[in-house]
2 protein chains.
Amino acid sequence: MSREVRVLPLRGIPELERGDDLGALIVAAADATGGFEPRDVLVVAQKAVSKVEGQVVHLSDFEPSARARELAGDDDARRLEVVLQESREIVRTRPPLVIAETKHGFVCASAGVDASNAKGPDTVVLLPSDPDASARRLRERVRELADVDIGVIVSDSFGRAWRRGTTDVALGVAGIAPLLDLKGHVDSVGYELHATEIAIADEIAGAAELVLGKTEGIPAAIVRGVDIEGEGSGQDLLMPRERDLFR
Amino acid sequence: MSREVRVLPLRGIPELERGDDLGALIVAAADATGGFEPRDVLVVAQKAVSKVEGQVVHLSDFEPSARARELAGDDDARRLEVVLQESREIVRTRPPLVIAETKHGFVCASAGVDASNAKGPDTVVLLPSDPDASARRLRERVRELADVDIGVIVSDSFGRAWRRGTTDVALGVAGIAPLLDLKGHVDSVGYELHATEIAIADEIAGAAELVLGKTEGIPAAIVRGVDIEGEGSGQDLLMPRERDLFR
């Protein structure tokens, strides 16, 4: 873990539409920066993935339930109806703020339903239905087009308990073990490290966010120089319910 | 936010002792990688700062209270006594795990009291008493020795609610606004972004962690290429109690 790490923004990717070949657009953008290298990690913003997968819905197609109207406060109750339909469980509410567990098991604001950067005020973007599968497809497409084996992270900006501001985290991964387990490693003064797991996939997603730029149309970045090894799932990053002290 | 970001490990910093001139050791290590550039962010692991500041205590100096023995389970009750003395409030417990709010307001495991990487099995390392002041002192020392104006983050590895693994976050900052406020910015399709604050100091700390290496004696890194602007405090990253849904 002691090499330099580089975070390279991928520029020139156009506004995305359902069905676009995101992998090909990414490979073209990467070529403009010198191309992928083996063991690079490609980080792609969830919203880009959701758009090409057609995970965009129109609020006018939703009839708010009583519960949605109650949670909405002064906000659009149709948006809250979408949030409820994307949720497995509501964790906390303070209208119109809803912290929910999504169908995938992520705990986040509005079950990941996001109005900003969508295709107009009446549409919202949902999370990908299976972010690991999205990451795997992008990994395969890059291998197919560029003949290189990389890791892929589909990221999103999540709020946190106790701390202000969002940081990007990994929703789906491919070709990377998202947790680095230091259990049993011995540190530089010979003391064994206990029970230390580092969520490197989340740290890589956060590093990529530093160049993504919410307002500038840069939906993807390459993170180069991290020792990725093994395989895993974005689900590995979810705290098992029986160990979760904050539900 | 669209330049390349580089994360450079600072190698060759020796095991640290109380009173060591950490700023001078860091400047020497940075010189070996080409030196600091203006607006670099120096990220220093909390433990390095705590050691030079003498924030190391011997468990044999602590007599466990009944409460400490109760929380300890099979663990060392003297360590739990230190945790209690460093805490303003206990947030959750499952012996021997304690999630506490520290005297500074950070919510984390064991109030930041850390046995690993300390100077033997009978000592523990506390958080710096004022991480912002620590960051300011390092910033001043770098300016004095290298005549360059940088940002500084004192970082630590914190667990999170709902997600496994730790990510590094900023405890203290100097020369950097830790939250990037996107309120009112207009994104690439003209939709105004609402209420989006990015905890860039935490993302920078996490990016640095990718090269720090818990077992390899690399206590600091340079993060280069992030648009840091303004001033702020690590306290800016703490969720005000009245807005905190998870206490």
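Mentor: B:Pro96 sits in the loop that runs between strand S4 (87-94) and strand S5 (97-102) of chain B, and in this predicted model the peptide bond that joins B:Pro95 and B:Pro96 is cis, with omega about 0°. Most residues other than glycine have a negative phi, and most peptide bonds are trans. In chain A, a cis peptide bond with omega of about 0° joins A:Pro95 and A:Pro96, and A:Pro96 is found in the loop between strand S4 (87-94) and strand S5 (97-102) of that chain.

A:Ser110, which is not a glycine, has a positive phi of about 55°; its place is the loop between strand S6 (107-109) and strand S7 (123-125) of chain A. Because 20 other C-beta atoms lie within 10 Å of it, A:Ser110 is buried. B:Asp147, likewise a residue other than glycine, has a positive phi near 55°, and it belongs to the loop between H5 and strand S8 (151-158) of chain B. Here the count within 10 Å is 9 C-beta neighbours, so B:Asp147 is exposed.

On the H1(B) side the contact is made by B:Leu22, B:Gly23, B:Ala24, B:Ile26 and B:Val27, which meet B:Leu138, B:Arg141, B:Val142, B:Leu145 and B:Ala146 of H5(B). Sorted by class, the residues in this contact are eight nonpolar, one polar and one charged.

For chain A, the burial of helix H1 (residues 22-31) can be described residue by residue: A:Leu22, A:Gly23, A:Ile26, A:Val27, A:Ala29 and A:Ala30 are its buried residues. Viewed down the axis of H1(A), these buried residues fall within an arc of 165°, so they line one face of the helix. The partners against which the buried residues of H1(A) pack are strand S2 (41-45), helix H2 (46-52), helix H5 (131-146) and strand S12 (220-224), which belong to chain A.

Conventions:
Residues numbered from 1 in each chain as written. Chains lettered and ligands numbered in written order. Predicted model: local features only at pLDDT ≥ 70, side-chain atom pairs only at ≥ 80, totals over all residues. Buried ≥ 20, exposed ≤ 12 C-beta atoms within 10 Å, placed from the backbone. Helix = DSSP H or I, 4+ residues; strand = E, 2+ residues; numbered from the N terminus. Arc of directions from axis to C-beta. Contact = placed C-beta atoms within 7 Å. Nonpolar A, V, L, I, M, F, W, Y, C, P; charged D, E, K, R; others polar.
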